[in-house]
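We will go from the whole chain down to single residues.

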Amino acid sequence: MVPLYGCWGRILEVDLSKKRETVRSVEEGLLRKLLGGVGIAAKIILEEVPADADPLGPENVLVVGTGPFQGTAIPGSGKWIVAAKSPLTGIWGDSCGGGDFAPDLKGTGFDAIVVKGKADSPVYIWVNEGEVQIRDASSIWGKSTSETIEAVKSDLGDKAVKVVCIGPAGEKLVRFACISSGFGFAGRTGLGAVMGSKNLKAIAVRGTKRVDVAEPDKLAERSRELSRRLYENSLEGMRKYGTMLGMQAGQHDDRGYGLKHNWDGGVFEEISKINEERVREITVGEVPCSNCPVACHRHTRVTEPEKYAYDGHGPEYETVAMLGWLTMIADIKAVGYMGHLCNEYGIDTISTGSMIAFTMECYEKGWIDETRLGGVKPVWGDADSAIELIHMIASRRDFGEVLANGIRSAAEFIGRGAKEIIVECKGLDYPAHDPRSYYPTAINYATGVRGACHQRGVTAWVPGGFNIPEWGVLVPNREDRYTMKNAAHIAAKCQDWASFSNSLVQCEFMFWSGLTFRDQVELLNLVTGWGLDAEAVAEISERITTLQRLINVRFGVRRKDDYLSPKMFKPQPSGASAGKVPQPFEEALLEYYRLRGWDENGIPTKEKLESLGLTQEAGYLPNP
Ligand code: SF4
């Protein structure tokens, strides 16, 4: 028998309705096709979630998984993924979290945990070196994320146990609730609500087993070298600034992002009040995920004014940009506190910021008033009303009941012109990267597997220096940022790279300290012994992206769902990208379909699926 390297080939399935655990095996052939992480999760979601499944029903399936890099010393391997049908978008949902959970999850002897059904009452799952228990969580229900992690450790009498959990927002089924491992959040697509719908408060693991790898000595040496290189490169970069690196000089000044006033854009005169230097002023330390030489997470503390006082984690770039820049709240202490509240409630800061800015614009336009908002007057730049909105959303109080269902649902409820001012695709709010500043991002957002996303297609990073020369993704000169020529190719390759990284599973931010695609391929070969080259990895990566698209097609996605928000066709009045709009959009979208081997309705063809080795999966195509 061929030895299996990098993975156990074992997945734990926990059925909360039947209170039963089973173990299933994964053959090496499937791992070679899909690697692990989101690749294997996609196969499970395709085959086990019914097309008409209610994302918050017991028929939805939650996959918490690892890839071939977990359990090794590879830098950036302290990550885990979660996937399910998203309650926010109704399509494929996934997210990648960090913290200290991943090595122990892999160390249990399972590559992933698949959760099915629904418990009768609040529970948490405890996997101790391969032994599984479903334990009562009634006394923990209602607690914040940080309280929950401490409560689970205390219940198990072991501070070293690793935990991921939901906060009160996940329990209340807020459709953009996230999953926390303490400081590494799986934020996007609302999978915290899927846990809540299953009465699953937390998953705790302890695992010390280590998988075999093909070349242990070479892998250890290479991991050490890379860790040293990444650490040194990060000293004046991400280790110093976290993900805030380059916010003002890059995203605002050079790229001309137009987040101000809910994406109406233009220069934000107060950007210096919430920029990277301001975050440094409230930072008391860097916090790394496991196996990370970069340590992008921040430990921050605010002591005054008292109303914004907190001691916690973040804020990340996305948090500052979405809760501050988008809403014009130019106060880093307030923004830090807002991020902290989101973390403790367990809600995604990107969608929350988007929802607050949308509410401010609706209020400004007179489409909602304070009587519907419990007396709150959400005006631009007002942190205190924004904080009230966070409380309302997370607890579904007053108008929070409407906002907690996501941006599309809220716009539908408010009516008037609300649908014209939301900035999302497939229900997932845009992150803080502007397609008007680099046109391939428009195609990426329109076609992204989980909706509009900068991390399931990293196009927005390309003008800042991200590149994959082996796949023809190169840093453009300034004028070439504003052309649809080649946009389809760049979007497709940036999406495929994200599929690759999230199947390995490796932190995408390693790139910013000098990790290259070539390094990733080399590391994969040292782990697995598969001897892959860039071309073979390109095929695997495209296969994973295409499989996720097939899932979305099964959930009803078609060309009509691959759109750009109306605001993106409105030029900004000022800034580096003033006057620019990503056109011709439709032609570039059709070019993207052609490149992908999808038909004009955005459906992968049977021939394309077969050419990618997805012959069996092609059976899930809709009838012509
Ligand atoms: S760069 Fe940041 S998110 Fe990535 S592994 Fe390191 S600490 Fe975690």
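Start with the whole chain of this predicted model. A compact globule of 624 residues would have a radius of gyration near 25 Å, and the protein chain, at 22 Å, agrees with that. Switch to cartoon and you have 24 helices and 17 strands.

Now show the surface. The protein chain exposes about 20,600 Å², with 48% of it from carbon and sulfur atoms. Of the 624 residues, 65% count as buried. Colour by charge next. The 72 positive and 82 negative charges have mean positions 1 Å apart.

Go inside. Among contacts with a separation of 6 or more, 70% join residues 24 or more positions apart. Select M247, L259, I274, W325, I347 and F358. These residues have the most contacts inside the largest nonpolar core, which has 97 residues. Zoom in on I347. Leaving out residues up to four places away in sequence, its contacts include A169, V174, F176, C342 and I390. Another core, of 78 residues, lies apart from the largest one; select F69, A112, V213 and L504, which are among its members. In soluble globular proteins, nonpolar side chains tend to be buried together.

Next stop: G285, in strand β13 (residues 283–287). Is G285 buried or exposed? G285 counts as buried because its relative accessibility is 17%, below the 20% cut-off. Beyond residues up to four places away in sequence, G285 touches H297, R298 and H299. Draw a distance from G285 to F176: their C-alpha atoms are separated by 28 Å, and the two residues are 109 apart along the chain.

Now check the backbone. Select G314 and P315. The peptide bond between them is cis, with omega near 0°. P315 sits in the loop between β15 (310–313) and α12 (317–325). Move to L504 and V505. Their peptide bond is also cis, with omega near -10°. V505 is in the loop between α20 (487–504) and α21 (517–528).

Finish with two positive phi values. E129 is not a glycine, yet its phi is near 50°. Find E129 in the loop between β7 (123–128) and β8 (131–136). E129 is partly exposed, at 26% relative accessible area. K426, also not a glycine, has a positive phi of about 60°. Look for K426 in the loop between β16 (424–425) and β17 (428–429). K426 is buried, with a relative accessible area of 3%.

Terms used
Residues are numbered from 1 along each chain as its sequence is written. This is a predicted model: local features need pLDDT of at least 70, side-chain atom pairs count only at pLDDT 80 or more; totals for chains, interfaces and linings use all residues. Side-chain values use heavy atoms; hydrogens and water are left out. Helices (H or I, at least four residues) and strands (E, at least two) are DSSP runs, numbered from the N terminus. The radius of gyration is taken over C-alpha atoms; the globule rule is 2.2 Å times the number of residues to the power 0.38. Buried means under 20% relative accessible area, exposed over 50%, partly exposed in between (1.4 Å probe, protein chains only). Contact means heavy atoms within 4.5 Å. Accessible areas come from the Shrake-Rupley method with a 1.4 Å probe; for residues, only the protein chains shown count as cover. Lys and Arg count as positive and Asp and Glu as negative; His and the chain ends are not counted. The place of a charge is taken as NZ of Lys, CZ of Arg, CG of Asp or CD of Glu. A nonpolar core is a set of buried Ala, Val, Leu, Ile, Met, Phe, Trp, Tyr and Cys residues joined through side-chain atoms within 4.5 Å.
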